[in-house]
Amino acid sequence: MELIFNAGPVVKLVMLILAYFSVVSWAIIFFKFRVIHRATRDSAQFQNFFWAKKRFDTINQGLKNYKHSPLTVLFREGYQELLRNQSDRNVDEENLFTTDLGQSENVGRALRRATTLERQRLEKFLTFLATTGSTAPFIGLFGTVWGIMDSFQGIGQTGSASLAVVAPGISEALIATAIGLVAAIPAVVGYNHFVNKVNLLTGEMDNFSQEFLNIVERMLRRG
C-alpha cells in the first residue's frame, strides 16, 4: 500500500482507473456466471420437458418453470406466431395446424428474431470484459512509463543515480503495470469462458428452432 500512496498523481490516477476496470469486471463476471449458469441449467431441463409433453399448449403452460432458458423465449415467440396466424385466418383453435405453409415461414422469422435478441442478451456486458482485457495492460504500462520519467527527473534534480534513489521511484511506477495485469487477466479468462458458453447456448437455440420448425411443418402437412 505504501507504494500506491507514495506514487505520483498521474500514476495514482492510472491506478484509480484500473481499479474501476477491475471492480466492474469482477461484478460482470459474477453476474454473467449467474445468468449463464441459470440459462444452461433451465435449457437442459426445458428440453426434457419439451420432448416429454409434446403438446404445444401444455408446454406453453409450463414455461414459467424454466424462465431463465432462452429456449423458452423461442418457444413462446414461435407459439404466439402460430396463434396470431390462427387468429388472422379466423380458424378454430382445434384446427390450428391446418392452415397453409406460410405459417412456417412466419414462425421461422419469429424464431430467428428471438434467437438474435437472446444472443444479444447473453452477450451483454461482455464487450466491457474484452475492453478491459485488451486495454488494462497498456494503461498500466502508461502509468509505469510516466512514473519512471518522474524518477529520472528526480535523479536529474538531485544529481544522484544511486540505487537507493532510483529504486523507490521505479517500484512505485511498476505497481501500475501489476495492477493493469491484475485487472486484465480475469477479464480475458472470463470473456473467453462466457463467449464459449454463449456459443453453446446459441447452438442449442439453432437446433431447437430447426426442431420446432420441423414439428410445425409436419403438423401443417398432416392438416
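**Side chains, from surface to interior**

Modeller: Happy to. Phe138, Leu141, Phe142, Val145, Trp146 and Met149 make a nonpolar surface patch of about 610 Å². Such a patch joins nonpolar side chains (Val, Leu, Ile, Met, Phe, Trp, Tyr) within 5 Å, from residues with over 30% relative accessible area and no salt bridge; the areas come from the Shrake-Rupley method with a 1.4 Å probe, and for residues only the protein chains shown count as cover. Met149 sits in helix H6, a helix being a DSSP run of H or I with at least four residues, numbered from the N terminus.

A word on the ground rules: this is a predicted model, in which local features need pLDDT of at least 70 and side-chain atom pairs count only at pLDDT 80 or more, while totals for chains, interfaces and linings use all residues. Residues are numbered from 1 along each chain as its sequence is written, and side-chain values use heavy atoms, with hydrogens and water left out.

Phe125 lies in the loop between helix H5 (102-123) and helix H6 (126-158). Its phi is positive, about 80°, although Phe125 is not a glycine. Phe125 counts as partly exposed because its relative accessibility is 40%; buried means under 20%, exposed over 50% and partly exposed in between, with a 1.4 Å probe and protein chains only.

Now for the aromatic rings. Rings of Phe, Tyr and Trp (its six-membered ring) pair if their centres lie within 6.5 Å; planes under 30 degrees apart are stacked, over 60 edge-to-face and the rest tilted. That rule gives 21 aromatic pairs. One of them joins Phe56 and Tyr79 edge-to-face, with 6.2 Å from centre to centre and 85° between the planes. This pair links distant parts of the chain, 23 residues apart: Phe56 is in helix H3 (residues 56-61) and Tyr79 in helix H4 (residues 70-88). Both Phe56 and Tyr79 are buried. They also belong to a cluster linked by ring pairs, whose members include Phe46, Trp51, Tyr66, Phe75 and Phe212.

Next come the charges. There are five salt bridges, each a side-chain nitrogen of Lys or Arg within 4 Å of a carboxyl oxygen of Asp or Glu. In one of them, Arg121 meets Glu118, with the closest N and O atoms 2.9 Å apart. About one helical turn separates Arg121 and Glu118, because they are three residues apart in helix H5. Arg121 is partly exposed at 35% relative accessibility, whereas Glu118 is buried at 7%. Arg41 pairs with Asp42, their closest N and O atoms being 3.1 Å apart; Arg41 is partly exposed at 37% and Asp42 is buried at 3%. Asp57 and Arg55 form a salt bridge at 2.8 Å, N to O, with Asp57 partly exposed at 29% and Arg55 exposed at 53%.

Finally, Ser43 is in helix H2 (residues 9-53) and counts as buried, since its relative accessibility is 0%. Its side chain reaches the backbone oxygen of Ala39 at 2.7 Å. Leaving out residues up to four places away in sequence, Ser43 touches Ser69, Pro70, Leu71, Leu201 and Glu204, where contact means heavy atoms within 4.5 Å.

Conventions:
Helices (H or I, at least four residues) and strands (E, at least two) are DSSP runs, numbered from the N terminus. A polar contact is a pair of N or O atoms within 3.5 Å; within protein, one must be able to donate a hydrogen and the other to accept it, and residues adjacent in sequence count only if both atoms are side-chain atoms. Patches are made of residues with over 30% relative accessible area and no salt bridge: like charges are joined within 9 Å, nonpolar side chains (Val, Leu, Ile, Met, Phe, Trp, Tyr) within 5 Å.
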